[in-house]
Amino acid sequence: MSAELLLIDCGTVPYREAWDLQLALAERRGAGAVPDAVLLLEHPPVYSRGRRTKPEELPMGDAWYEGQGIEVLDTDRGGLVTYHGPGQLVAYPILDLTPLGGDVHEYVRGLERVMIGALAEHGVGAQTIAGLTGVWTEGPPPAPGLVGAAEKIGSIGVHVSKGITTHGLAVNVDNDLEPFSWVIPCGIQGVAMTSILKEGGSDATVAAYAATVGRHFGAVFERETRSATLAELGLDRQPARLGGER
């Protein structure tokens, strides 16, 4: 296949349906039937649990969260529990890691660079912090009672099977942050979550940030990007546009 990277605007997609789309696309990618692709989307409210999630990370119990209108689902990705909801950009790259020598760690570093570079374009300085997952705003590592500490704005959780990636990253754009306070996000006690909107960033909409993320995927992974549809790849779905009415 060429060094092409397809960017697919999927609109708002329920978590289970998005997972099915990833698996179907990963199978086609593994067979060499399609190029690398990135699914760009939003989810209805959902807590997704990674393979290492512990019960205490959702202290209220599944029934309480579901009573708030938030699904609770187990996944095969790495990482711990996180929240997805309207106003958060989720990107699921379906990539063959062969060009990276199958190096999952380098792939994750690439996802971090995508988020940090895209956030910078929207006026939000961001960083990684040793020993902590995801991407954080500027400032010292969080600690109890520390004023001005970094806050978490982006999460990463990946899965790789037969050299093909699924799952990916999520960045808070203009979403409701309260559901993060009801769990221990990413297993980190006392973490403060933030968003592009809360940080005063420019163009704080999912659609605008998705376009920026798409460009940075191309730059970081050295691919030629173009917009595509699920139908073009043999997957039948006609979604609403990203950042539509909520």
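Trainee: Leaving aside its neighbours within four places in sequence, which residues is Tyr-65 in contact with?
Mentor: Keep in mind that this is a predicted model. Tyr-65 is found in helix H2, which covers residues 62-67. Once its neighbours within four places in sequence are set aside, the contacts of Tyr-65 are Tyr-47, Leu-58, Pro-59, Met-60, Ile-70, Val-72, Trp-182 and Val-183.

Trainee: How many residues apart in sequence are Tyr-65 and Val-183?
Mentor: Val-183 is one of the contacts of Tyr-65. In space, their C-alpha atoms are 9.6 Å apart. Along the sequence, the separation is 118 residues.

Trainee: Which residues form one aromatic cluster with Tyr-65?
Mentor: Tyr-47 and Trp-182 already turned up among the contacts of Tyr-65. Both belong to the cluster too. Besides Tyr-65, the cluster is made of Trp-64, Tyr-83, Phe-180, Tyr-47 and Trp-182.

Trainee: How many aromatic pairs does a search of the whole structure find, and are the rings of Tyr-107 and Phe-221 stacked or tilted?
Mentor: The search of the whole structure finds eight aromatic pairs. For Tyr-107 and Phe-221, the ring centres are 5.9 Å apart. Planes under 30 degrees apart would count as stacked and over 60 as edge-to-face. Here the planes are at 45°, so the pair is tilted.

Trainee: Which parts does the pair of Tyr-107 and Phe-221 tie together?
Mentor: Tyr-107 counts as buried, at 0% relative accessibility, and Phe-221 counts as buried as well, at 9%. The parts they tie together are 114 residues apart in sequence.

Trainee: What kind of aromatic pair do Phe-217 and Phe-221 form?
Mentor: These two both lie in helix H4, four residues apart, about one turn of the helix. Phe-217 counts as buried, at 0% relative accessibility. Their centres are 5.9 Å apart, with 20° between the planes, and the pair is stacked.

Trainee: Where do Glu-112 and Arg-109 lie?
Mentor: They form a salt bridge whose closest N and O atoms are 2.8 Å apart. Glu-112 is buried at 11%, whereas Arg-109 is partly exposed at 35%. They are three residues apart, about one turn of the helix, and both lie in H3.

Trainee: Which residues are linked with Arg-226 in a network of salt bridges?
Mentor: Arg-226 forms a salt bridge with Glu-232, and the closest N and O atoms are 2.6 Å apart. Arg-226 is partly exposed, at 33%, and Glu-232 counts as partly exposed, at 42%. The network links Arg-226 with Glu-232 and Glu-4.

Trainee: What gives the most to the lining of the second largest pocket?
Mentor: This pocket has a volume of about 240 Å³ and a lining of 12 residues, with Val-108, Thr-133, Ile-156, Gly-157 and Val-158 nearest its centre. The lining divides into three nonpolar, six polar and three charged residues. Helix H3 and strand S9 each supply at least two residues. With four residues, the one that gives the most is H3.

Trainee: What phi does Lys-162 have, and what phi does Asp-203 have?
Mentor: Lys-162 is placed in the loop between S9 and S10 and counts as exposed at 84% relative accessibility. Asp-203 lies in the loop between S10 and H4 and is exposed at 52%. Neither is a glycine, yet each has a positive phi. For Lys-162 the value is about 55°, and for Asp-203 it is about 45°.

How values were computed: Residues numbered from 1 in each chain as written. Predicted model: local features only at pLDDT ≥ 70, side-chain atom pairs only at ≥ 80, totals over all residues. Heavy atoms only, no water. 1 Å grid on protein atoms, 1.4 Å probe; cavity = no way out; pocket = protein on both sides within 12 Å on 5 of 7 lines; lining within 4 Å. Points joined across faces, edges and corners; volume = space filled by probe spheres on them. Nonpolar A, V, L, I, M, F, W, Y, C, P; charged D, E, K, R; others polar. Phe/Tyr/Trp six-rings, centres within 6.5 Å; stacked < 30°, edge-to-face > 60°. Buried < 20%, exposed > 50% of the residue type's maximum accessible area, 1.4 Å probe, protein only. Salt bridge = Lys/Arg side-chain N within 4 Å of Asp/Glu carboxyl O. Contact = heavy atoms within 4.5 Å.
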